[in-house]
Amino acid sequence: MKFVVTVLRRAQADADLIFQWIAERSPDGAIRWSRAYDHSLMELRRDADWQGLAAESDELHTELREKLFKT
């Protein structure tokens, strides 16, 4: 089953800043981080129901899933 994944503007801006910060220290690390980030988004689109509920779910009164990742 496919799910809709929406990356909010603020989240995309944060991801861009993280990428830039890593790239200044390790260009290869930034590429690995970016690939892991993209892979996580792909996994959410494919299997969001396997991911945990986000803490904001109750407050927003909606089923909001999140995926944490590391490189």
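Predicted model: local features only at pLDDT ≥ 70, side-chain atom pairs only at ≥ 80, totals over all residues.
R65 has a partner. The side chains of E63 and R65 form a salt bridge, with N and O 3.3 Å apart. And E63? E63 is exposed, because its relative accessibility of 58% is over 50%.

Which residue does R46 pair with? The answer is D47: their side chains meet in a salt bridge at 3.0 Å, N to O. R46 is partly exposed, with a relative accessible area of 40%, and D47 is partly exposed too, at 27%.

Next comes R25, in a salt bridge with E24 whose closest N and O atoms are 3.4 Å apart. E24 is exposed, at 64% relative accessible area. In total, the count is five salt bridges.

Now let's step back to the whole chain. There are 11 positive and 13 negative charges, and their mean positions lie 6 Å apart. The chain exposes about 6,000 Å², and 55% of that comes from carbon and sulfur atoms. Of the 71 residues, 21% count as buried.

As for the fold, you can follow three helices and two strands, in the order α-α-β-α-β from the N terminus. The C-alpha trace spans about 40 × 25 × 15 Å along its principal axes. Finally, if you take the contacts with a separation of 6 or more, 42% of them join residues 24 or more positions apart.

Thanks, and I'm happy to chat about any of this!

Methods: Residues numbered from 1 in each chain as written. Heavy atoms only, no water. Helix = DSSP H or I, 4+ residues; strand = E, 2+ residues; numbered from the N terminus. Buried < 20%, exposed > 50% of the residue type's maximum accessible area, 1.4 Å probe, protein only. Contact = heavy atoms within 4.5 Å. Areas by Shrake-Rupley, 256 points an atom, 1.4 Å probe, with all protein chains shown as cover. Lys, Arg positive; Asp, Glu negative; His and termini not counted. Charge placed at Lys NZ, Arg CZ, Asp CG, Glu CD. Salt bridge = Lys/Arg side-chain N within 4 Å of Asp/Glu carboxyl O.
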